[in-house]
Amino acid sequence: MNDSLIVAIVGVVGTLAAGVFAQRGAMKSKIIELRHAERMHIDTEAENARRAHLEARRQSYGDLNQALRDKYTHLLHHWRTLKANQTIEPSQVQVEDESEGELRAAYAKAQMIAADNVIELVGPLVQRLYLVHRVVRQHDRGETPDENLDALKAHIDKAAEMLYEVRQVMRRDLGITELPLDRPPGYGSVPR
């Protein structure tokens, strides 16, 4: 075979091989680019889901905190009215009943979205508020109450402490506080 023919064959094969290698390199680059885009999409979706869950928890915690505080405030007012031997107005009873419904709804929603440590604290607080509600109603109806007004006040005071702790745990879960879980003396206390 002639040297020029060999050179021509090698040149053609080299030219063809260069095209194949260039195409292969471009395909590898495209695959890497697509994998990177897919990872970015997955990361973006995960971040969007995390933010949506955080916003849902924030909304749920806000609703729950408001419902707990409203129920507590209504019961404290009811207790004060009983302690002063005054008559409970029907409108006050209606507001208490509405606040109980709002608390039930907020608590039910929170049970589906809140962190376990929040639910562990909220459950006993809700039960304490329901106990106070039941006993003030016993006093209203003239029934023999499960507890006298002084014992009931101890439950109300404990509920105030629990409210602070629940709020702080919710705020910590949202990453927005470093305040202590136990309420400092005199901090946010309700005037007697």
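In which kind of crossing does helix 1 pass helix 2? It's a left-handed one, meaning the near helix is turned anticlockwise from the far one by less than a right angle. By class, eleven nonpolar, nine polar and eight charged residues make up the contact of helix 1 with helix 2. Here Ala, Val, Leu, Ile, Met, Phe, Trp, Tyr, Cys and Pro go down as nonpolar, Asp, Glu, Lys and Arg as charged, and the others, Gly among them, as polar.

The axes of helix 1 and helix 2 (residues 90–113) come within 8 Å and cross at roughly 150°. Helix 1 and helix 2 are therefore roughly antiparallel to each other (angles over 145 degrees count as such).

**What you're looking at**

This is a predicted model, where local features need pLDDT of at least 70, side-chain atom pairs count only at pLDDT 80 or more, and totals for chains, interfaces and linings use all residues. Residues are numbered from 1 along each chain as its sequence is written, and side-chain values use heavy atoms, with hydrogens and water left out.

The protein chain averages a pLDDT of 87 (the predictor's confidence in each residue, from 0 to 100), and 93% of the residues score at least 70.

**Overall build**

The protein chain has four helices and zero strands, taking helices as DSSP runs of H or I with at least four residues and strands as E runs of at least two. Along its principal axes, the C-alpha trace spans about 125 × 35 × 20 Å. As for burial, 31% of the 192 residues count as buried, that is, under 20% relative accessible area with a 1.4 Å probe, protein chains only.

Note on methods. Axes are lines fitted to C-alpha atoms, for helices over the stretch in contact, and angles run from 0 to 180 degrees between N-to-C directions. Angles under 35 degrees count as roughly parallel, over 145 as roughly antiparallel, 65 to 115 as roughly perpendicular and the rest as oblique. Buried means under 20% relative accessible area, exposed over 50%, partly exposed in between (1.4 Å probe, protein chains only).
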